[in-house]
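The sequence and structure come next.

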Amino acid sequence: MEIKKINSVNSTLSNFDHPYMQGVWQPFYDEYEVINLDSIGEIPKDLSGIYIRNTENQIHEPIGRFHPFDGDGLLHSIVFNNGSADYRNKFIRTEGFLIEEKLNKSKWAGLMERPGTSELPGWGAQGCLKDTSSTDVVVHAGKVLTTFYQCGDGYNMDPLTLNASGKAPWVPVDGVSAHTKVDLKTGELLFFNYSKKAPYMHYGVVGKDNNLKHYTPIPLPGPRLPHDMAFTDNFSILNDLPLFWDEEMLKRGIHATRMHDLPSRFAIIPRYGKSDEIKWFEANPTYCLHWNNAYEDGDEIILDGYFQENPVPEKYDGAPKGLERMMAFLDNHLLKPRLHRWRFNLKTGSTKEETLDDKILEFGAINQQFACRKHRYSYSMMPTKGWFTFDGLCKYDHQTGKSETYDFGEGIFGSEVCFAPNDNAKNEDDGYLVSIVTDINKHISSCVLFDAKNVSQGPICVMPLPQQICSGTHATWAQMSELSY
Ligand SMILES: [Fe+2]
């Protein structure tokens, strides 16, 4: 194993007296390159591709109250090839990152403060946030693409080195939300954005040549807070859910979310469709952060995701003063998301829906080779009670309705897994689940591999990383073949 510290970013952070600046959320500032990671258990020879994890890692002392989603984007990648693995981590050099690096201080307030608190004009549907590009990551057109949940620029990097290669050239003026979707069959990227001005949402398609080929409004009755989208072979699915900013408070500059007495609404639009081709469907009120997959089945479109039973949670007991609401919205055991299936009938316009499993689950993955197809397996994270972290993972079998789980253990927290098919995969679960776990007892993070056929036996390979990493949201897996366009 050869460890090289490539760079250290200068931090001005001095006050760590915040529940999301400690433990698994403690930020770090060193950038490393490690060739040939050591492993406990053999690194499989039939695993060829890249796992890339985005994390939220605050660099400077915040202006006002800190929210963990404000943290600067820091990517971690592990390249697997013929039984060996190399690790790299690199901050995403966003426009905001570079300005704050130069001035050596924060210039933007975060989600918890009013937009006017920021010292410079910013990004995001809320307005005046720093676009940290720290939410999501995919590989499209041979490049890494990172995005921000409140909408911002798209940032490209080289997948093998994580070196910056500029902003994605196709991003429209209203920006791009997190949860862009890559259709592996066509090489296209599907995306949406949202804002506080009419028509409040747009949807678009980027070709495999990285050029914008379609862009259309998805008119909504007002500002909304969508987080994810879904797609089938022929349709894209956008949403208008009843959890959004209170209109009266918004007039006073306060961005407070509340549940409205409205149904959930889903916009189903042909992939290259225009606004007048949208078919709207209604469903039970909820908020849903993430969808797992969608596919066409006769007259129906099937959509799987996580239905929150309680999208506006009660106050969090024991939170530091002023952070009660934030802590509650980060506690999935208060929000109660469960694996759920919606069926939209394109002929009749009716919706059917059902909860698939009683467990509190979120942050799902499937084998992406089965995107837009009837998938048998989904892999979800099991949230920690009280915290935006994960204690374990769950493999759900949609054919039998059975599930198997694995618990990481006391003081060990996982992050969203990705499914990585093995080189000779024939069945849907022929492959590995890849993730990074952090053990706060030992102050170490490790990349872990699970045999997707036997999740409950625990990791078959553990590769310690050179430093503990800060937690975050999303990750992606790309086969080596996806890198050449
Ligand atoms: Fe997300």
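How many bridges join strand β14 to β15? Two bridges join them, and the strands run antiparallel; strands pair if DSSP finds at least two bridges between them. Helices (H or I, at least four residues) and strands (E, at least two) are DSSP runs, numbered from the N terminus.

The model is predicted: local features need pLDDT of at least 70, side-chain atom pairs count only at pLDDT 80 or more, and totals for chains, interfaces and linings use all residues. Residues are numbered from 1 along each chain as its sequence is written.

A hairpin of three residues connects β14 with β15. On its other pairing, β15 is joined to β18 by six bridges, also antiparallel.

| Strand | Residues | Bridges to β15 | Bridge pair |
|---|---|---|---|
| β14 | 230-231 | two | Ala-230 with Ile-237 |
| β18 | 264-270 | six | Arg-265 with Asp-240 |

Six of the six residues of β15 (residues 235-240) are buried, so the strand is largely enclosed by the rest of the structure. Buried means that 20 or more other C-beta atoms, placed from the backbone, lie within 10 Å of the residue's own. Phe-235, Ile-237 and Asn-239 point one way, whereas Ser-236, Leu-238 and Asp-240 point the other way.

Ile-237 and Val-434 have the most contacts inside the largest nonpolar core, which has 119 residues. Such a core is a set of buried Ala, Val, Leu, Ile, Met, Phe, Trp, Tyr and Cys residues joined through C-beta atoms within 7 Å. Apart from this core lies another of five residues, including Met-326 and Trp-387.

Key
A residue is buried if 20 or more other C-beta atoms lie within 10 Å of its own, exposed if 12 or fewer, and partly exposed in between; C-beta atoms are placed from the backbone.
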